[in-house]
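Take a moment with the sequence and the model below. Then follow the walk through its strands, helices and rings.

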Amino acid sequence: MTQHFPTRQLRFFLTAPTPCPYLPGREERKVFAHLPLSDGPTVNDSLTQVGFRRSQNIAYRPACETCRACQSARSPVADYVFSRSERKVLARNDDLERHLVESEATLEQFELLRRYLLTRHADGGMAEMTWPDYVAMVEDTAVRTHLIEYRSRSLDRGPGDLIACVLVDVLADGLSLVYSFYDPNMTKRSLGSFIILDHMVQAQQTGLPYVYLGYWVPGSEKMAYKARFSPLEILKPGGWALMSARERGARSPRVLNLLREAEDSELDMSDAQPAILHDL
């Protein structure tokens, strides 16, 4: 299929079926397009608003034949009121310094990513990521993007230890969290949750209305944490709409128990893994 944009046409392709990473026993397919080098930021803005995610120079979204579980989620930050537990997470990490850096890969970042993957996602699709893979993930793009590094405060004039890092796209209407990773041993800091909350703070300070969180998947324990952020909008056939109390409560008892246990522990912002896409 072909989608018309003001300055060019985009051709969309469909991947072959692969096992779903979120719902056991199901298969997933993705529709994707290559972002143009000339007006990539504008096209990325438009596609994100209709449910696409970015991986390098590719924009993709689920296109499964028998399932519509994956729903794009974003938080409207103007109306966001931090809960008591969220304020605790922000305060717990108040000693970290935030550094905005260009989207250029460093070995220090890659070493942190490797420790994170081997500890938290050793059986995941990214566990075998190499240095060239990481460079491509960070640098191979023509959109507005940057890295945020969170570092401990240094006792001298040099940089402190790298504690967490996140790749972020800057859209016309918000911040899109592409991929984050952090020190897997610092569980008491709740770094996954902190990164999301800190970007809500950044969006509020810069006047951007939304923080895009990727896909929320009802029934997936891996994705259930996103429903904890309120208010939250999800993309429906008729457009973006606030998540209802019924949708927010549509969790299994096991998921509810996991969320209670995670209240003061880590959340994981790693669902937006670079997609492996194949033309048909």
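Which residue in β15 is the bridge partner of R74? In β15, R74 is partnered by E233.

Before going further, note how to read the model. It is predicted, with local features needing pLDDT of at least 70 and side-chain atom pairs counting only at pLDDT 80 or more, while totals for chains, interfaces and linings use all residues. Residues are numbered from 1 along each chain as its sequence is written, and side-chain values use heavy atoms, leaving out hydrogens and water. The pLDDT is the predictor's confidence in each residue, from 0 to 100. The chain averages 86, and 86% of the residues score at least 70.

Now the sheet. Strands (E, at least two residues) and helices (H or I, at least four) are DSSP runs, numbered from the N terminus. Two strands pair if DSSP finds at least two bridges between them. Strands of a sheet pair through backbone hydrogen bonds, either parallel or antiparallel. Here, eight strands form an open sheet with mixed pairing, in the order β10-β11-β12-β13-β14-β9-β15-β16. At the edges stand β10 (96–101) and β16 (239–242); each has a single partner strand, so one side of each has no neighbour in the sheet. From one strand to the next, the twist averages 35°. Angles run from 0 to 180 degrees between N-to-C directions, using axes that are lines fitted to C-alpha atoms, for helices over the stretch in contact.

Look at β9 (residues 71–76). It pairs with β14 (residues 210–216) in the antiparallel sense, over six bridges. In β14, Q71 has W216 as its bridge partner, A73 stands opposite G214, and R74 is partnered by Y212. Two bridges join β9 to β15, again antiparallel. On another pairing, β13 and β14 run parallel and are joined by three bridges. There, L175 stands opposite V211 in β14.

How enclosed is β9? Six of its six residues are buried (under 20% relative accessible area; exposed is over 50%, partly exposed in between; 1.4 Å probe, protein chains only). So β9 is largely enclosed by the rest of the structure. Q71, A73 and S75 lie on one side, S72, R74 and P76 on the other. β14 is mostly covered too, with seven of its seven residues buried.

Contact means heavy atoms within 4.5 Å. Helix α1 (residues 40–49) lies across β12 (162–171), β14, β15 (233–236) and β16, at about 95° to β12. Helix α5 (residues 191–206) packs on the sheet, and its direction makes about 155° with that of β13.

Next, the rings. Rings of Phe, Tyr and Trp (its six-membered ring) pair if their centres lie within 6.5 Å; planes under 30 degrees apart count as stacked, over 60 as edge-to-face and the rest as tilted. The count comes to 12 aromatic pairs. One of them, Y134 with F181, is edge-to-face: 6.2 Å centre to centre, with 80° between the planes. Y134 lies in helix α4 (residues 131–139) and F181 in strand β13, so the pair ties together parts 47 residues apart in sequence. Both Y134 and F181 are buried. Ring pairs link F110, W131, Y134, Y179 and F181 into a cluster.

One stretch needs care. Over residues 251–280, pLDDT stays under 50. Where pLDDT is low, the predicted coordinates should not be read in detail.
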